[in-house]
Amino acid sequence: MSRKDWRRPELSPLDDNLKRIKFVVSYDGSAFHGWQSQDNAVSVQQTILDALKQMGIDTILQGSGRTDSGVHALHQVCHFDIPKDNKIPPERFAIALNTILPKTVKVISSEEVDGTFHARFTTMAREYNYYAKAINDALPFDEGYVGLFKKLPSLELLNQYATVLRGTHDFTTFSAARDESPSKYRDIYESSWKEEYDRFGKRVLVYKVVGNAFLYHQVRSMVGTMIQAGNKGEDIDTFKARLDSCLRSNALTTAPSDGLYLARITYDENEYAWFEEECKDE
């Protein structure tokens, strides 16, 4: 999909009397009901806004995207606008907020950016990592932080499936019923599994996926389906047929949120420019 086909609104100029502050935030998703503020549940967005209010700042906080309940973030990006006459140095916001925020949220960095930056609408790619363990390798410390499965299939077979997911596809099969996106087409730049060992020497399989955007529950649905299909010994053509069917009924298990991490947001237009070049030849 060419970037010109991305449905993104035009950015409004930043008012002359305002400045924009960008945050990079990490959080433990098991403590929250997702990123987005909501009336009857604790969210990351509202937790940060409440901390800003303690600093005398009442503003709107815009994130790069939502993460669901239980999903963690190593590198969420957000921004807010404040009057230019605010005296707090941009880099001091991280230090000040980390004295107020709960231990489950940490502002990694804060800086001033200009009005051409928007945490959501200038994003070029999002990376998620999923950490999966066989339940027999699980330790008490994994609860809430690793996806646990009865058994894990071969790494070779998982990577065959992962290759199928690369490129531009209609991902309706791996969307959720609650997804309201008008188009289910997404660009997947990277999709691969690797084997790691945690600090206790236990085997972990890690799925890395990078795309321009993702549907509601898409990554968890892809992970769960790959693992269940692999355990059944499903061949690559059958897995591809699941994707191509564009039927949600052809997805298998949705992996638990515990193992999913928003790992990185990039705003670099050049990082995946090769994908854009490929689109010109289609």
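How many aromatic pairs does the structure hold? I looked this up before anything else; the model is a predicted one, and the structure holds 17 aromatic pairs.

**Entry: F23 and F80**

I took the pair of F23 and F80 from this set. I then checked where the two residues sit in the chain. F23 belongs to strand β1 (residues 18-27) and F80 to strand β3 (residues 72-83). The two are 57 residues apart, and the pair links distant parts of the chain. I also asked about burial: are F23 and F80 buried or exposed? I found F23 buried, and F80 buried as well.

**Entry: F80 and F93**

I next followed F80 to another partner. F80 and F93 form an aromatic pair, again noted as edge-to-face, at 5.6 Å centre to centre and with 75° between the planes.

**Entry: a ring cluster**

I searched for rings joined into a group. Y189, Y272, W274 and F275 are linked by ring pairs into a cluster.

**Entry: the fold as a whole**

I then turned to the whole protein. I recorded 6 helices and 10 strands as its secondary structure. Along the principal axes, the C-alpha atoms fill a box of roughly 60 × 50 × 30 Å. I compared the radius of gyration with the globule rule: a compact globule of 282 residues would have a value near 19 Å, and the protein has 20 Å, which agrees. I looked up sequence separation in the contacts too. Of the contacts between residues at least 6 apart in sequence, 74% join residues at least 24 apart.

**Entry: burial, surface and charge**

What percentage of the 282 residues count as buried? I noted 49%. The protein exposes about 14200 Å², and I found that carbon and sulfur atoms supply 47% of this area. Last, I looked up the charged side chains. There are 35 positive and 41 negative ones, and the centres of the two sets lie 4 Å apart.

Technical notes. Residues numbered from 1 in each chain as written. Predicted model: local features only at pLDDT ≥ 70, side-chain atom pairs only at ≥ 80, totals over all residues. Heavy atoms only, no water. Phe/Tyr/Trp six-rings, centres within 6.5 Å; stacked < 30°, edge-to-face > 60°. Helix = DSSP H or I, 4+ residues; strand = E, 2+ residues; numbered from the N terminus. Buried < 20%, exposed > 50% of the residue type's maximum accessible area, 1.4 Å probe, protein only. Rg over C-alpha atoms; globule rule 2.2 N^0.38 Å. Contact = heavy atoms within 4.5 Å. Areas by Shrake-Rupley, 256 points an atom, 1.4 Å probe, with all protein chains shown as cover. Lys, Arg positive; Asp, Glu negative; His and termini not counted. Charge placed at Lys NZ, Arg CZ, Asp CG, Glu CD.
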